[in-house]
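Here is a short tour of a helix pair and of a chain contact. Please take a look at the model first, and then read on.

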Amino acid sequence: MIRSYKFWIGFSMIFGLILSSLIFSVLFDSHVRQVQILYDDHMEMIGAAPFQPSLMFPMGTDALGYDIAMKVLQGAKYTLFSVILIGFLRVLVSFMFAIPLAIYMPEKIRGNLEQLLSAFYFVPLTIVSVFILTPVLWEQLRMPGWEEYFIFPYYARVGIEIFVLTILVVPLLGSMIGNIIASSLKEDFIKGALVLGASRWRIFSKHVMPHVWPKLVIVFFQQCVQVLIIFIHLGYFKLFFGGTDVDYNPLIPDPPVSTTNEWSGLIGDYYNLIHINPGIALGPIIMFGVAIYSFQLMAEGLLQYLDSRNVNVKRNKKKNKLSSVLQEKSVSIGKFEFTERVKSEVK
Amino acid sequence: MRIIKKLVLQLLLTMISIILISGLPGLIMNKDVSAYVDKIAAVSLEVLRLDKMIYFNQGSERLFLEDIWGPYFYSLSILFGALCIAFCSAQILTWGTLLLPIFIRRIIKNVLTFLESMPDLLVFALVQMGIVLIYKKTGLLVSNVAALGAESRIYLVPIACLMILPFVYFYKMMILMTEEEMSKQYVETSLAKGMRRLYVLVVHVTRNTSEGIFHFSKSVLWFMISNLLLVEIIFNIHGITHYMYHDFRPEMLAACLILLVIPFFLVYAAMEWIIMRFTVRGRTL
């Protein structure tokens, strides 16, 4: 059991959002309330849409009177599921990429390869994904016949979006995970296992994996945060998850809308209202903030838990074995040198 | 010599990957690999002969390099300014924070986790609304909230928007790394010798954390370049991403990204060399 209140707070927020969204769609068929004009008891009009955030409408309503809080609730499952899926795929693919990198490559080649892959630090993900995904997600217009169409069917659009958002980070993430694996391969107990005749697979599954997988889980949470940020950016550029429905009506075109009410669509729809009705525009963005905070809390809580667990293990070892003291000395040679240098400078 | 060889190779790979990526939308649209290869070749030719590259501005053809320098340096100054201010203020505040007692530090870290998860769009929105609110209440316009046309230039607001989140990232990372470094034995030794805490912090600990912070700053920069696009569009700034976003041809994307990358690449190479030279790691090599 993970003993960390931070982790469980984050977990329950994400889980609660998904669960309530699912309940909303199963029991209430995701029916979004629409209130265009509000009357008081004497049937006198006291207000018209868009409404500011109030007790009745927690996040206000949009210009057509749809309740934004309900839209957010409806969209939560799409956004959060896709974020978790993309985050998971990112870690999985990078891990696959990292295994041969860490185990079969000699140290020198790996170092050079890592240097080369760090070139990807200079390829900004938002710009590139906006550029690649625009033709995929933006509804096109076929001129003769005035026909609106997508180049790809719905599932292909979702698939391409997930693929692009996954594959663009694999070089960086892969070399990072490769480093994690390689550093655990350098531990002393690996040498011990090798001496005792363990096969490569056994070392990997029994000795490396127990050290690596908790770190992978933390990387997974961090990647979920990254994906959420990308979704915000794509939403601002009106590229919504699963496609943007563009109205090419020449007279009074409707604004581009998302078909499923997922959150990046809501951001794109309402951000222009920022100066007129800030309360309405900020609602979906704040929900993104809540989701990011929950993932951060989960990552941090897990990290703290792992740290405290490791400390306990180390303490027990010190009580039992003298050898750990020896080991520590050999590790700290670098710092030893440094303290020497501190002395000489003081003189 | 080896460093220079490595650098050239790295720069080349960055350019190649940018060019390869720039052709991808066409590949997805047409599903035609041979057209993709042709496009890549055309883009690489254009990028190699950058001085001949033309673009369309309000219907007329213009030389790309003639027009790009002003917006280019404008964008660079915003980006560099934000990065420098974020880094320096985070470093100074970290030194101050590390002198505080541990329970205050814990509170600060929790607040930082909260701030860290603010979406960048929320930060921009709050800055915009804040300026308008101050103007409404006091009649004092802190800064223009949007640039009008290509000639007017605003610095304060975009730099402020761009620096807030990187500042939080740097600050939190520095506190974590410095705390880890402070628990090491050489710090104990020097404190026991009677050296002032601030002196140890500034002179010794910072030097040892600098390498980690430097590697971390690469991912901050990665995030900032993406944000630059958003900031320039939200505040209607006529910078380099204006060309990128409004032209939307693969050649344009490749040329702009490469132009944007090169100065940072050089700065990072120089920094890496300096750090290699002046830290313990460099001495042992």
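Predicted model: local features only at pLDDT ≥ 70, side-chain atom pairs only at ≥ 80, totals over all residues.

The crossing of H4(B) and H11(B) is right-handed.

Which residues make the contact between H4(B) and H11(B)? From H4(B) come B:Phe64, B:Ile68, B:Tyr72, B:Leu76, B:Leu79, B:Phe80 and B:Leu83, while H11(B) brings residues including B:Met252, B:Cys256, B:Pro263, B:Phe264 and B:Tyr268. By class, you will find 16 nonpolar residues in this contact, with no polar and no charged ones.

| Item | Value |
|---|---|
| Residues from chain B | 65 residues |
| Residues from chain A | 56 residues |
| Area buried between chain B and chain A | about 5700 Å² |
| Salt bridges between chain B and chain A | one salt bridge |

Carbon and sulfur atoms account for 75% of the area buried between chain B and chain A. On the chain B side, B:Ile28, B:Leu121 and B:Trp222 supply 12% of the area that this chain buries against chain A, more than any other three residues.

The salt bridge count between the two chains is one. B:Lys172 pairs with A:Glu300 in a salt bridge, and their closest N and O atoms are 2.7 Å apart.

Methods: Residues numbered from 1 in each chain as written. Chains lettered and ligands numbered in written order. Heavy atoms only, no water. Left-handed = near helix turned anticlockwise from the far one by under 90°. Helix = DSSP H or I, 4+ residues; strand = E, 2+ residues; numbered from the N terminus. Contact = heavy atoms within 4.5 Å. Nonpolar A, V, L, I, M, F, W, Y, C, P; charged D, E, K, R; others polar. Buried area = accessible area lost by both parts, 1.4 Å probe. Salt bridge = Lys/Arg side-chain N within 4 Å of Asp/Glu carboxyl O.
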